[in-house]
Amino acid sequence: MNRLLALFAAAFLAVAARADTYLVMPFFNASHTANLEWIGESVSESIREALAVQGLATLGREDRQEAFRRLGLRPGVTLTRATVLKIAQALDADQVVYGEFQVQPAPANSPAGGGSLKITAHVLDLRALKQGPEFSEIGALADLAAAQSRVAWQAVRYLSPKQAPSEAEFLKQKPAVRLEAMENYTRGLLAATPEQKQKLFTQAVRLEPGFSQASYQLGLLAYNNKEYKGAGEWLEKVAPYDAHYRQALFYLGICRYETGNYSGAESAFALVAKTVPLNEVFNNLGAAQSRLNRPEALENFGKALEGDSSDPLYHFNVGYALWRQRKFEAAAERFRAVLDRDPQDSEATLMLGRCIKGAGPAPGELADRDRIKTAYEESAYWQLKAVFQPEKP
């Protein structure tokens, strides 16, 4: 698949028969109870993640927020079909899931989470310009996690019927989460500052210690602050059923790499590479193996370079691996390629000079010049795969 990425990347940008893009809107609060908009966001996120797990190209919350801003729409606005159509067109989406929820409050003196909940979802096919099915779930408000999971499964079954697991299998991978934990997690997603997010996600995990999505978000916050040890501890808790699992593994690999746990980093990157053979994954796998003096490092660096020969970082790592093997002529060619793309790279200039002089690694010299990638673009991979390896009827 790495070669497929290299061969068809340019074609993908212009291909007319591109893979469908899926947009899940926040569900509208159709009840008379205020301050429950977070439920609509929670339902939306549950469906979006379920579609993403199936490898469908979903638009993120940030994309949706940008469309709202461009169209002058405020959060919480009633989403008529015409409004949904405008947002979808602004984002070039092909399939849209939207809907509403209603909460019937419980009688006075009822326990927290009392009351009933009805979720109704609709699907709009913009390619065929037709309205899809409607499906709904009714249950106790306290069972929000289970209700939104059942709605998510119905969406997956309709939009990806050949890949959809059985309902029992799907729900088995959706552990029950307390309503209060769901609220804190969702409000954390909506929070404006990292400090607010940290507080709300931490509260969600305190209420529900096995809450995978909240653990991922806490790990991401720590990772963005370069707190690699703490980030790794959170990212290790992300479950395989989580839509962020492979991304969590990728960042976990970086955390382990940055803290000197190269064997652990190799293991994390290797797991990602089995499913998502991206250039950045092969590169980082090679970097971890290079630090461990494993001969397969050069092979993985080569896969990354084969996937994107325009990136000077990949040329540098191949050149550095060749230089360590004292293959000076081949290494010099790679360092020249780096300088062709980035003439200001002083380290590549230094390494080219050593290659020309035939100066290999000095005794005791640390092998620590490998370069890693920090950006992870899984969504582009799945969309490209859907274009060139479409699901068989």
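Which residues in helix 13 meet which residues in helix 15? Asn-279, Glu-280, Asn-283 and Ser-290 in helix 13 meet Leu-313, Tyr-314, Asn-317 and Arg-324 in helix 15. To meet here is to be in contact, with heavy atoms within 4.5 Å. This is a predicted model: local features need pLDDT of at least 70, side-chain atom pairs count only at pLDDT 80 or more, and totals for chains, interfaces and linings use all residues. Residues are numbered from 1 along each chain as its sequence is written, and side-chain values use heavy atoms, with hydrogens and water left out.

**Confidence**

- The protein chain has an average pLDDT of 89. The pLDDT is the predictor's confidence in each residue, from 0 to 100.
- A score of at least 70 is reached by 90% of the residues.

**Overall build**

- The protein chain has 18 helices and six strands. Helices (H or I, at least four residues) and strands (E, at least two) are DSSP runs, numbered from the N terminus.
- The C-alpha trace spans about 85 × 45 × 40 Å along its principal axes.
- Of the 393 residues in the protein chain, 50% are buried. Buried means under 20% relative accessible area, exposed means over 50%, and partly exposed lies in between (1.4 Å probe, protein chains only).
- Take the contacts in the protein chain with a separation of 6 or more: 61% of them link residues 24 or more positions apart.

- The axes of helix 13 and helix 15 (residues 312-324) come within 11 Å and cross at roughly 25°. Axes are lines fitted to C-alpha atoms, for helices over the stretch in contact, and angles run from 0 to 180 degrees between N-to-C directions.
- Helix 13 and helix 15 are therefore roughly parallel. Angles under 35 degrees count as roughly parallel, over 145 as roughly antiparallel, 65 to 115 as roughly perpendicular and the rest as oblique.
- Helix 13 and helix 15 make a left-handed crossing. A crossing is left-handed if the near helix is turned anticlockwise from the far one by less than a right angle, and right-handed if clockwise.
- The contact of helix 13 with helix 15 has two nonpolar, four polar and two charged residues. Ala, Val, Leu, Ile, Met, Phe, Trp, Tyr, Cys and Pro count as nonpolar, Asp, Glu, Lys and Arg as charged, and the others, Gly among them, as polar.
- Helix 11 (residues 245-258) also packs with helix 13 (residues 279-291): their axes come within 11 Å and cross at roughly 25°. That makes helix 11 roughly parallel to helix 13.
- The crossing of helix 11 and helix 13 is left-handed.
- From helix 11, Phe-250, Ile-254 and Tyr-257 meet Glu-280, Val-281, Asn-284, Ala-287, Ala-288 and Arg-291 in helix 13. The residues of this contact divide into six nonpolar, one polar and two charged.

**Helix 7 and helix 8**

- Helix 7 (residues 179-190) and helix 8 (residues 194-207) pack at an angle of about 160°, with axes 8 Å apart. They are therefore roughly antiparallel to each other.
- Helix 7 passes helix 8 in a left-handed crossing.
- Helix 7 brings residues including Glu-180, Tyr-185 and Leu-189 to the contact, and helix 8 brings residues including Lys-197, Phe-201 and Leu-207.
- By class, this contact has seven nonpolar, three polar and three charged residues.

**Single residues**

- Gln-217 is in helix 9 (residues 212-224). Gln-217 is buried, at 14% relative accessible area. Beyond four places in sequence, Gln-217 touches Tyr-185, Leu-189, Phe-201 and His-244.
- Val-238 is in the loop between helix 10 (228-235) and helix 11. Its relative accessible area is 6%, so Val-238 is buried.
- Leaving aside neighbours within four places in sequence, Val-238 is in contact with Ser-212, Ser-215, Tyr-216, His-244, Tyr-245 and Ala-248.
- Arg-294 is in the loop between helix 13 and helix 14 (297-307). Arg-294 counts as partly exposed because its relative accessibility is 33%.
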